[in-house]
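Work through the exercises below with the structure in view. Each task is followed by a solution in steps.

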Amino acid sequence: MKNHLWKHILAVRTQSPLVHNITNYVVMNNTANALLAIGASPIMAHAREEIDEMVALCGALVVNIGTLDHAWSDAMLKAGHRAQSLEKPWILDPVGAGATSYRDQILSRLVALRPTAIRGNASEILALAKANQSRTKGVDSTAQSEEALDAAKALHELTGAVVGISGETDFIVSDQPVIQIHNGTPLMTRVTGLGCSATALIGAFLAVTENKTEAMTAAIALLSIAGELAEKISDGPGSLQMKLLDKLYNLTEDEFKNTLRIEC
């Protein structure tokens, strides 16, 4: 598995996939920089008038609902339709799922478009699958990632999507055995938008990797390991952001394989 995952990291670095992001204001800069650091090429575009052309141009689509409004919702839905019709891979990040009825209505319409992949924290995955009545706390998880496994399996059965649950342990749920990644650092939760960055990185890997389960696994492992190694030379959240970008850029094969802790 480690050899396969590293091969996918090299594929992103060498092929530089173009990734179309319709994402939120809070994380747009972080997301673009993370994609550039791994070797991908980000496009941040949400104008409804150019969606059809933009989706056709790119290797993958990332839809992140963090800062919804009417115009952005229309653009996201149009992009999802376009990706579906072109059979382009796309990933949904259900930020704040369960927080408001409007957010849930838009998410239900996006899920109906059968995304290739879905990634969120445990509370978001639970809310998206309507597994229980738990409420979200902002965009931070109030449930443990293990609690969302049944919800993730239900989402996979409903949509066919590979489903990632972010947390202290990251889970990847698909038609293959559940994968667990035990990397990262608690300090990563003190930096806004790293989950959103994970979603964007998954988009890049979906663009170049035929096995979508391995695509998500490689992306999550890469970000988690980069954060874990960066924390060792950081003084706090501010320097972690900078060091993490550096590590995404210069991570070596030995560092990746020696640090990765994975169960499958």
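Buried means under 20% relative accessible area, exposed over 50%, and partly exposed in between (1.4 Å probe, protein chains only). The model is predicted: local features need pLDDT of at least 70, side-chain atom pairs count only at pLDDT 80 or more, and totals for chains, interfaces and linings use all residues. Residues are numbered from 1 along each chain as its sequence is written, and side-chain values use heavy atoms, with hydrogens and water left out.

**Exercise 1.** Classify Lys257 and Glu253 as buried, exposed or partly exposed.

Step 1: Lys257 has a relative accessible area of 19%, so Lys257 is buried.
Step 2: Glu253 has 34%, and therefore counts as partly exposed.

**Exercise 2.** Find how the side chains of Lys257 and Glu253 meet.

Step 1: A salt bridge needs a side-chain nitrogen of Lys or Arg within 4 Å of a carboxyl oxygen of Asp or Glu.
Step 2: The N to O distance here is 2.6 Å, and the two side chains form a salt bridge.
Step 3: Both residues lie in helix H11, 4 residues apart, about one turn of the helix. Helices (H or I, at least four residues) and strands (E, at least two) are DSSP runs, numbered from the N terminus.
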